[in-house]
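Hi,

Here is the structure I promised to pass on.

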Amino acid sequence: MEILIYLTQQFINGIQLGAVYALIALGYTMVYGVLRMINFAHGDIFMLGAFISYYGITKFNLPFPILILSTSLLTAVIAILIEKIAYKPLRNAPKISLLITAVGVSLFLEYTLSLNAFFTPNYIGFPRPFEIRSYDIGMFSINNIHLIIFSVTIISLALLYLLIYKSKYGIAMRAASHDLEITRLMGIRTDNIISFTFGIGGALAGIGGLLYSMAYPQINVFMGIMPGIKSFIAAVLGGIGIIHGAVLGGFIIGISEVFVSAFLSSTYRDGVIFIILFIFLLFRPNGIFGKNIEKV
Amino acid sequence: MKKISLILCFLLLYSTQLFSKEVVKIGLITPLTGDIKTFGESTKNSFFIALEEYAKKGKYEIKPIIADDKNDPTEGTNAALKLVTQDKVVAIIGPLTSKVAIPVSELVNTNKIPMITGTATNPKVTVSDGKRKKYVFRACFIDPFQGQVAANFALKDLKAKTAAVLYDVGNDYSKGLAEFFKNTFEKNKGTIVAFESYQKDDVDFSALITKIAIKKPDVIFIPDYYNKVALIAKQIREKGLKSTLLGGDGWDSPELLKIGGDAVVGSYFTNHYSPDRKDPIADSFIQKYKQKHGNVPDALGALAYDATWILLNALDRAVKPTPEEILKEIEKTKNHKGATGTISFDNNGDAVKSTVIIKIEKTGPKYITTVNP
C-alpha cells in the first residue's frame, strides 16, 4: 500500500512535468509539420513566456486568467515576428540554412536578453500569483499548482484540437503540413498559415513557461535550453509532425524523468532520456505514431 | 645656501615618494553575475573598502583589475589566464567558490602567482592529490571542519537521529560538504536515510523530495548556495515535509530569506562570522560597508576584506613588489587580526578558525553559538 501511494505521488509529479513538455513539444511538431524545420529558438519562447508572466505579476499584478491570455498573446506575437524576420527570407534556401538560423536566433535571444539592460543573467525568484494549497485526497496529497497545470493544459489541448480539426485555419494548416506547394496552388496564402502555426506554437510555449515557473519558481534567461531539448525529444518520440504524438511524447518524457530520479538517481535522469531517444532512433525513427514511409 | 639646497633635496625626494608611488596590479576574480551574484557583489565591495584603507597609508598605488567568473569554472580559468598573462598582476584575490577556485588554483600555481581566496572551503583548493599548491592560500576554514560542526550540531543540539542530504553533484563545494557531513553524522550513531544528488540547472525537485518525504528525516542537510536552497526549501515545504533544514556558508545571503520566505525560517547554517559578534575591527569594517552600501556585509564580504588585507600587508612587508617576494611574506602571516577573527595559516595554507552557527528567523539571521576547531 505504501508503495502504491508513493507511485501515485511520483506519477503526479511526472504528469506535472510532462504537461509542460507536451505544451512545448506541440510547437516543435507543428512547425516541423508545416515547414520541415526544427525551430531551435522555441525553447527561448518558453523562457520569454516565463519572463513576461513574471513582469505581468510583479509590475501589473494581473489576475491569473488575464495573465495566461496576455502571456500567450505576447509570446505568439514574438514567435510570429521571429518567423517574419528570421525565417521568411530563407523560405527557398536549403533546409540546413534554416536550421542554423534557428540556432542563431536562439543564441541571439539568450545572450541579448541576458544583458543587464534586459533580464540580466541572474536567477530570479518567481512570485506565485496565489498561495499554494495542499489537498489530501485519500492517502496522497495534491496541490492547487498541480490542479491548475492539469486544467490549463487540458483546456489548451482542447482548444488546439478544435482549432486544428474544426476551423478553416486548422484545415489549411493540416493541408500545408501535407504538402506546402500544392496547398499554395490551391489558393491558400501559405505565408499566413505559417505565421499562424508559429503563433499557436508560441502561445502554447508561453503558457508552458508560465506553468513551469509557477511549479518551479525560479527563472533565468537560459532556463529554456534543457526543457526545449527535452520537448524536442518528446516530439521526436511521438513522431515529429504528429500532434497527438507530441502530447504523448511529452508525458512519456516527463514521467520517465521523475521515475528515473525516484528509483535510480537524478544523475542518470538526462542520460536515460537520451538513451530512450537513441533506442527510438534505432528501431522506430519515425516515432510512436509515425508512418513507416520515409518522406523526403 | 647649503641648508636650503639640502631641504630642497629632501622635498624633492619626499615629493617623488608622495606623488609617484609605484603601481602594483592586483586581480580580483569573483562572480558578479549568475546564480550567486550577491556574494560576488559583497566580495567586490569589501575588496574596495580594503583598498581604500590601504591607499591612505600603503607603500604602493594599487591598480585593481576585476574579473567576473559567473561562478563557472571555465569562465574563471579564462579570467585568471587573462589576469596572469595579459594584465600581469602580482597577486590574485578570489575566486569565491571552490568549484572555480580549484582549476584557477592549479593555473596560478603553475604560473607562480600568489592567490588568496577568502571563501573557497573545499580542501582541494590548496592541496590536490596530497600535493600542496605552494602559491595558494585561503582566509577561511575548510569543509571537513564545517561538515563536522553541522553534523554534531544536528545530533547534539537538534537531537536529530535521522538525516537526509541533498547536494549538487557537479559542484565540488556541495559534494565535499555533503560527504563530510555524512561521515561525521554516521560516525556518531546517526542514520543517513537518503543521500541524493541533483544537477546545477535542475529546478524540479519533486521526485527527490517525494522520495525523501516517506522517510521523514529529522533534518535535511542542503549544502548549496542560497538560490538553489530557497528553491528546494520551498518545494520541501510544499510537499508538507516539516524536517529542520541545515546548511553551510553558501546560505549567507539576504536573498535566501527574500526568495525562500517562510520555507527557510527556522533553519540553521554554519558560517564564518556573524555581524552580531562584538569586535573592533569587524565593527569598523561593518560600519564602513554600511555607510557605503546601505546593508550589513555577509561573511563572504568580510572574508574577502580579510584576504585582501593579508595580501596588502604582505605586499608592504615585501622588499620588492614581485610575486616571489610577496609569497614569502604571505607565508609568514601570523595572527592577522581581521574582521572574521584571528588568521594564521597552517602548513596547507588554510586558515585555522572557528565557525559560528546561525539560525534564520523571520526578521533575519540570528547568532546561536561559536564552535572552535
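Below is what I found, going chain by chain and then to the contacts.

First, some housekeeping. This is a predicted model, so local features need pLDDT of at least 70 and side-chain atom pairs count only at pLDDT 80 or more, while totals for chains, interfaces and linings use all residues. Residues are numbered from 1 along each chain as its sequence is written, and chains are lettered from A and ligands numbered from 1 in the order in which they are written.

**Chain A**

Chain A has 11 helices and four strands; helices (H or I, at least four residues) and strands (E, at least two) are DSSP runs numbered from the N terminus. Its C-alpha trace spans about 60 × 45 × 35 Å along the principal axes. For 296 residues a compact globule would have a radius of gyration near 19 Å, and chain A agrees with that at 19 Å. (That radius is taken over C-alpha atoms, and the globule rule is 2.2 Å times the number of residues to the power 0.38.)

How much of chain A is buried? The share is 48% of the 296 residues, where buried means 20 or more other C-beta atoms within 10 Å of a residue's own, exposed means 12 or fewer, partly exposed is in between, and C-beta atoms are placed from the backbone. Of the contacts in chain A between residues at least 6 apart in sequence, 75% join residues at least 24 apart; a contact needs C-beta atoms, placed from the backbone, within 7 Å.

Helix H5 (residues 144-166) of chain A and helix H6 (residues 168-178) of chain A pack with axes 5 Å apart, at an angle of about 70°. Axes here are lines fitted to C-alpha atoms, for helices over the stretch in contact, and angles run from 0 to 180 degrees between N-to-C directions. So H5(A) is roughly perpendicular to H6(A), a label for 65 to 115 degrees (under 35 is roughly parallel, over 145 roughly antiparallel, the rest oblique). H5(A) brings A:Leu163, A:Ile164, A:Tyr165 and A:Lys166 to the contact, and H6(A) brings A:Tyr169, A:Gly170, A:Met173 and A:Arg174. By class, that contact has five nonpolar, one polar and two charged residues. (Ala, Val, Leu, Ile, Met, Phe, Trp, Tyr, Cys and Pro count as nonpolar, Asp, Glu, Lys and Arg as charged, and the others, Gly among them, as polar.)

**Chain B**

Chain B has 12 helices and 16 strands. Its radius of gyration is 22 Å, close to the 21 Å that the globule rule gives for 373 residues, so chain B is as compact as a globular protein of that length. The C-alpha trace of chain B spans about 95 × 40 × 35 Å along its principal axes, and 55% of the 373 residues count as buried.

An automatic or database domain assignment sets the bounds: domain 1 of chain B is 2-141 + 278-354 and domain 2 is 143-271. Their C-alpha centres lie 31 Å apart. Domain 1 of chain B puts 17 residues into the contact and domain 2 of chain B puts in 16.

**Where the chains meet**

Here, 23 residues of chain A are in contact with 26 residues of chain B. On the chain A side, helix H1 (2-35), strand E3 (140-143) and helix H10 (243-263) each give two or more residues, with H1(A) giving the most, five. That side of chain A has 10 nonpolar, 13 polar and no charged residues.

Cheers

Conventions. Two residues are in contact if their C-beta atoms, placed from the backbone, lie within 7 Å.
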